[in-house]
Amino acid sequence: MDLDWSPADLAFRDEVRRFLDENLTPELRRAGRLSTSVYPDHEASMEWQHILHARGWAAPAWPVEYGGCDWSLIQHYIFDRETTLAGAPALSPMGIRMVAHAIVAFGTEEQKAYFLPRILTGEVFFCQGYSEPEAGSDLASLTMAAVDDGDDLVCTGSKIWTTHATEANWIFCLVRTSKLERKQQGITFVLIPMDTPGIEVRPLVMTSGEQVQNQVFFDQVRVPKKNVLGRVDDGWTVAKYLLNFERGGALGPMLQVLAESLAAQANTQTGPNGGALLDDPAFAARLADARIRADVLEILEYRTMAAISHGKNPGPAASTLKILGTELSQQLTELALEAAGPRGRVYQPHATMPGGPVADFTAPEDGYVSGEEWQAVAPQRYFNDRAGSIYAGSNEIQRNIIAKATLGL
Ligand SMILES: Cc1cc2nc3c(=O)[nH]c(=O)nc-3n(C[C@H](O)[C@H](O)[C@H](O)COP(=O)(O)OP(=O)(O)OC[C@H]3O[C@@H](n4cnc5c(N)ncnc54)[C@H](O)[C@@H]3O)c2cc1C
């Protein structure tokens, strides 16, 4: 493994840095800084997507013919790393990072021509309808019914935890078209406009108070068969393909940024011995442990990337990275809450930029904020981060994958 960037890679890094200096406005950096979860403020995220799109960098991982960049794996990593280090708000993953790849691989020419350019501009904004109340980790148990009726499928059932269903104008769904021998068979992948009659979205209030996830109800919803992606009854193939794109990115640098800013914050706080919290040996040791883990995570990301770029199978690396990344993030948000002290107990979402509306909260008329920006954001981040070990395949499921792949259990 060669950890040194080549001169061409360094030149590319500098080009990305110049672009970020010129285009990442203070408002967008603020949105990144005040994000309470992996889902930033929707408007800021879309504004950043438009800026990236104008430069041709909104969907670098797509094939070039559809608007992607002809970058090496290392260039992709450098781009992710630099945008993360600069504090850019994240883009919503469901369209560009997820369903678009499935459309490229399984879509008809008509589907590709309609969806791909519109996903890039943000005109089409997707949410993901996989999970159901009785089908999460065991996704193939899904039961949302789609009955064949001439040119249409008629869908009835419900999807749950659907992130950004209130913002989205399209949803990609897995539905049950047949009951066959294996539960993975008889599933179909469909694309449904959210304004189709019979769809109702009910927001779920999370522990953080935010309403980013939803339950979506479908009552006799008519979906034209031309909206099926792939073949009827063979949606599991599409679903599995898409899941390969759900994880990834530069997690190590993201957590390094979090650890560095936490160190700066702890330096301004009074610790138990009267000096700076950062000088408290117990706190400093836990922060150092987290910082070292973030570096280890980045090295593992390099190693995985090196294996892939040399045509090797990285094995269950995505599972290892997911577990390490989410557990480390939880460790850091816990430390940040501790560092925020009593101010971190105050619930003040008006001082943050959550990824969705906040329920039952009236901001003080004078906009008063107790403590500093980072203290205000700490509690919501802490609560939101508990979800990291659940979504995108729970960490227990990832451990099962590792046990099977490396231990043969
Ligand atoms: C913030 C957030 C956003 C989400 N966004 C979306 C979205 O946009 N679209 C979407 O479709 N879904 C979304 N999800 C749903 C997510 O994919 C599911 O929550 C996840 O798959 C787990 O399913 P479940 O909640 O039904 O838990 P269950 O599958 O019921 O699991 C409950 C517990 O049992 C454990 N468990 C289950 N099976 C096993 C096993 N075989 N071995 C060991 N332990 C096991 C799990 O790890 C977990 O701890 C989101 C979830 C969250 C929290």
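Author: Sorted by class, the shell around the ligand holds 6 nonpolar, 9 polar and 1 charged residues. Here Ala, Val, Leu, Ile, Met, Phe, Trp, Tyr, Cys and Pro count as nonpolar, Asp, Glu, Lys and Arg as charged, and the others, Gly among them, as polar. Please keep in mind that this is a predicted model, in which local features need pLDDT of at least 70, side-chain atom pairs count only at pLDDT 80 or more, and totals for chains, interfaces and linings use all residues. Residues are numbered from 1 along each chain as its sequence is written, and side-chain values use heavy atoms, with hydrogens and water left out.

Of the 16 residues around the ligand, Gln128, Ser131, Ser137, Ser394 and Glu396 come nearest; a residue belongs here if one of its heavy atoms lies within 4 Å of the molecule. Helix α12 (residues 395-407) gives the most to this shell, with 3 residues. Helices (H or I, at least four residues) and strands (E, at least two) are DSSP runs, numbered from the N terminus.

Now for the individual atom pairs. A polar side-chain atom of Ser137 sits 2.6 Å from a ligand oxygen, and a polar backbone atom of Ser131 is 2.8 Å from an oxygen atom of the ligand. For Asn400, an N or O atom in the side chain lies 3.0 Å from a ligand nitrogen. On its own the ligand would expose 970 Å², and the protein buries 66% of that; these areas come from the Shrake-Rupley method with a 1.4 Å probe, and for residues only the protein chains shown count as cover.

In the loop between α11 (373-385) and α12 you will find Ala392. Its phi is positive, about 55°, although Ala392 is not a glycine. Most residues other than glycine have a negative phi. Ala392 counts as buried because its relative accessibility is 17%, where buried means under 20% relative accessible area, exposed over 50% and partly exposed in between (1.4 Å probe, protein chains only).

With a relative accessible area of 54%, Gln220 is exposed. Gln215 is found in strand β7 too, but this residue is buried, at 16%. The side chains of Gln215 and Ser158 are joined by a polar contact of 2.9 Å, meaning a pair of N or O atoms within 3.5 Å; within protein, one must be able to donate a hydrogen and the other to accept it, and residues adjacent in sequence count only if both atoms are side-chain atoms. Beyond four places in sequence, Gln215 also touches residues including Pro133, Lys159 and Glu200, with contact taken as heavy atoms within 4.5 Å.

Finally, the largest nonpolar core has 55 residues, and Trp48, Val99, Ile119, Phe126, Phe172 and Phe189 touch the most other members. Such a core is a set of buried Ala, Val, Leu, Ile, Met, Phe, Trp, Tyr and Cys residues joined through side-chain atoms within 4.5 Å. Helix α5 (residues 93-106) supplies the largest share, 8 residues. Setting aside neighbours within four places in sequence, Phe126 has contacts that include Met94, Val99, Ile119 and Phe172.
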